Number of protein chains: 2
Amino acid sequence: MPRSTTSSSPPAKGGPVTLAMVARRAGVSPQTVSNALNAPDLLRPETLERVRRTIDEMGYRPSRAAQTLRTRSSKLIGYGIRPTPAGTTSPVMDRFLHALSQAADAAGYRVLLFASPPGGASLKGHEELLDQHDVDGFVLSDTERNDPRQTWLAKRGVPFVGFGRMWSKRQVGDWVDVDGASGTDAAVEHLTALGHRRIAFLGWPRGSEVGDDRAEGWQRAMRRHELPTRGRRAQSIDAVDAARAAATPLLDAGATAVVAASDTLALGCYHALRERGAAPDRDVAVVGFDDSPTAAFLAPGLTTLAQPLEAVGRECVRLLLARMANPTAPPERVLLEPSLVLRDSTPAPDA
Amino acid sequence: MPRSTTSSSPPAKGGPVTLAMVARRAGVSPQTVSNALNAPDLLRPETLERVRRTIDEMGYRPSRAAQTLRTRSSKLIGYGIRPTPAGTTSPVMDRFLHALSQAADAAGYRVLLFASPPGGASLKGHEELLDQHDVDGFVLSDTERNDPRQTWLAKRGVPFVGFGRMWSKRQVGDWVDVDGASGTDAAVEHLTALGHRRIAFLGWPRGSEVGDDRAEGWQRAMRRHELPTRGRRAQSIDAVDAARAAATPLLDAGATAVVAASDTLALGCYHALRERGAAPDRDVAVVGFDDSPTAAFLAPGLTTLAQPLEAVGRECVRLLLARMANPTAPPERVLLEPSLVLRDSTPAPDA
């Protein structure tokens with residue numbers, strides 16, 4: 001039996017449970033069911049008890065049903081908050097979440113949280129928020145290739161917007177993302193303008209879409225400037241010690257500048273430089289990515305790419321509201337440019 | 001006219017607007033008003049329109065009224081999210097917020113956000129969340145002396161819990177806080193055990209309750225060890241450059257260790273040490289406060305006091321639920337211990 005594509009309550013066979021179905025099963029009038037929900041003191045206790053039991057048994061969700069009838073909206077936007085990973089320099093999601101709340105508030109909506117488990121995407125929290133609180137839509141972050149959430153929500157006709165692409169040709173839905181490739185391209189532009197030619201890239205292991213995107217920008221800018229990329233690329237998990245080890249061969253090969261896929265990787269470069277008595281404000285230029293709070297506090301301050309998180313939050317709300325207003329419009333995707341924040345870690349190469 | 005102490009909707013004269021009052025004004029039965037709200041398709045359009053207009057005019061909030069009757073709960077906890085201040089090392093509130101969401105979820109509640117304006121506490125967001133979404137209670141953070149929120153909520157009979165004390169004898173309500181004095185006391189204990197005697201304190205300007213509390217722990221531990229505190233205390237706003245300047249006289253006066261009221265201030269000490277060719281892992285010990293993400297990434301890694309934010313989130317939810325269950329119970333206050341995270345910035349003094 002096909003699932004309903006318009007109701008997001010746990011689908012009963014053939015569609016959502018209605019007030020009329022509850023009334024029939026309980027042997028009362030629809031008015032009595034309505035009263036049980038909204039004016040229980042008008043009913044005799046036995047009747048109230050019988051109707052409530054029937055509601056529970058059938059899994060009837062009155063306000064969800066009301067929403068399906070488009071008589072009201074909960075004015076709630078659901079968002080799964082993830083734990084900040086330990087050992088990264090990049091707790092930037094709180095800035096995003098504040099921007100999201102602010103944009104939602106301005107539009108008459110509110111952000112309703114659930115705690116997302118660490119690791120992969122989960123559908124459970126989304127299902128509960130739909131079921132218990134009638135959210136009008138969702139903002140998804142940390143989207144991945146083959147992320148199950150978009151398809152799951154789309155099937156149920158629930159509006160959503162992703163912060164992050166799905167990275168798949170068969171992707172559904174609207175998203176807002178930051179153009180990582182454009183950011184690392186701009187970093188290479190800045191470094192070549194300073195006179196650098198041996199510009200390396202320290203990225204994450206291939207297969208992470210965000211990481212591959214950031215690598216791609218470095219690659220294309222190098223190609224444009226006819227600079228060799230062979231032997232100038234290394235990879236590391238997003239941890240300082242691993243990044244220090246990974247950066248060493250790049251420095252051995254004579255790189256005068258390193259573009260890193262994250263501030264954490266950039267910090268690994270700092271440590272690799274220190275190990276050899278060099279410094280990122282004198283000997284080798286280092287560019288990070290994320291403009292994490294740590295970047296400003298390093299000595300020397302880290303030149304890095306800042307994600308426009310306030311704009312991402314605003315755009316997420318704008319796209320979500322547009323989707324609610326017009327469920328059948330073609331998907332809208334917004335790619336925002338990161339900006340290069342110049343600090344002290346990008347000197348010109350030695351003359 | 002005294003305000004109602006049990007309703008949190010915008011108070012009408014003499015108490016909240018009821019369904020019966022709306023019915024009387026609109027010239028219809030209470031059942032018709034209930035239908036207008038819950039089964040509008042049962043009414044003729046003219047009747048529906050008239051009832052809706054009356055509802056708007058009188059500011060009737062059906063679900064709020066229902067909650068006042070204790071027939072249902074929204075299962076929502078309101079929380080005002082603040083923008084992360086720029087230029088601090090300490091964006092720790094996202095960890096708190098995840099912990100809060102997780103604890104709320106586990107108890108069948110959800111956290112509903114509104115964007116709090118930067119600066120002082122505001123009542124507007126709280127009022128809107130009560131009015132529009134019927135939240136069952138609030139968690140308040142960044143509480144201050146003479147914070148208007150607690151009194152405002154208490155007057156309306158709305159349950160709340162503060163993350164942070166009110167620091168006033170006339171405080172109302174429940175709170176959870178971190179014992180800052182106990183943290184800096186533990187820092188001094190650690191330093192004296194290493195052999196330090198000339199232990200300075202770099203704090204915020206007096207008058208900030210959190211800052212004064214952290215200063216107090218240093219002071220009492222110094223007194224317990226019969227160590228002099230005169231000339232060993234300096235103050236700075238929470239910014240690295242200001243802290244560097246403020247730390248200099250402490251170092252001039254021969255301090256072998258500095259306990260700082262925040263990681264940002266500790267970082268100022270790092271810079272002050274570097275200026276004089278000294279280092280926090282060799283010459284002078286430095287202890288921070290907050291265990292911000294930056295602390296682990298500094299070179300050397302910063303010894304600092306970690307706030308038990310997960311426990312704070314859990315306790316906030318526990319106290320709030322207890323308050324909802326028993327509005328007249330005496331206030332409960334929970335003070336949690338920070339823990340000293342040892343890294344490389346606390347060497348023993350030179351022999």
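Visitor: In what order do the six strands of the open sheet of chain A stand?

Guide: This is a predicted model, in which local features need pLDDT of at least 70, side-chain atom pairs count only at pLDDT 80 or more, and totals for chains, interfaces and linings use all residues. Residues are numbered from 1 along each chain as its sequence is written, with chains lettered from A and ligands numbered from 1 in the order in which they are written. Strands (E, at least two residues) and helices (H or I, at least four) are DSSP runs numbered from the N terminus, and two strands pair if DSSP finds at least two bridges between them. The pairing in this open sheet is mixed, and the order is S7-S6-S8-S9-S10-S12 (chain A).

Visitor: Which strands of chain A stand at the edges, and why is one side of each left without a neighbour in the sheet?

Guide: Each edge strand has a single partner strand, so one side has no neighbour in the sheet. These strands are S7 (233-235) and S12 (339-341) of chain A.

Visitor: Which residue is the bridge partner of Ala306(A) in S12(A)?

Guide: Strand S10 (residues 303-306) of chain A pairs with S12(A) in the antiparallel sense, over three bridges. In S12(A), the partner of Ala306(A) is Ser339(A).

Visitor: Which residue stands opposite Leu112(A) in S2(B)?

Guide: S2(A) runs parallel to strand S1 (residues 76-81) of chain A, joined by six bridges. With S2 (residues 110-115) of chain B, S2(A) runs antiparallel, over three bridges. Opposite Leu112(A) stands Leu112(B).

Visitor: Which element gives the largest share of the side of chain A that touches chain B?

Guide: Two residues are in contact if their C-beta atoms, placed from the backbone, lie within 7 Å. The contact takes 39 residues from chain A and 38 residues from chain B. Among the elements giving two or more residues to the chain A side are helix H2 (30-38), S2 and helix H5 (93-106). The largest share, eight residues, comes from H5(A).
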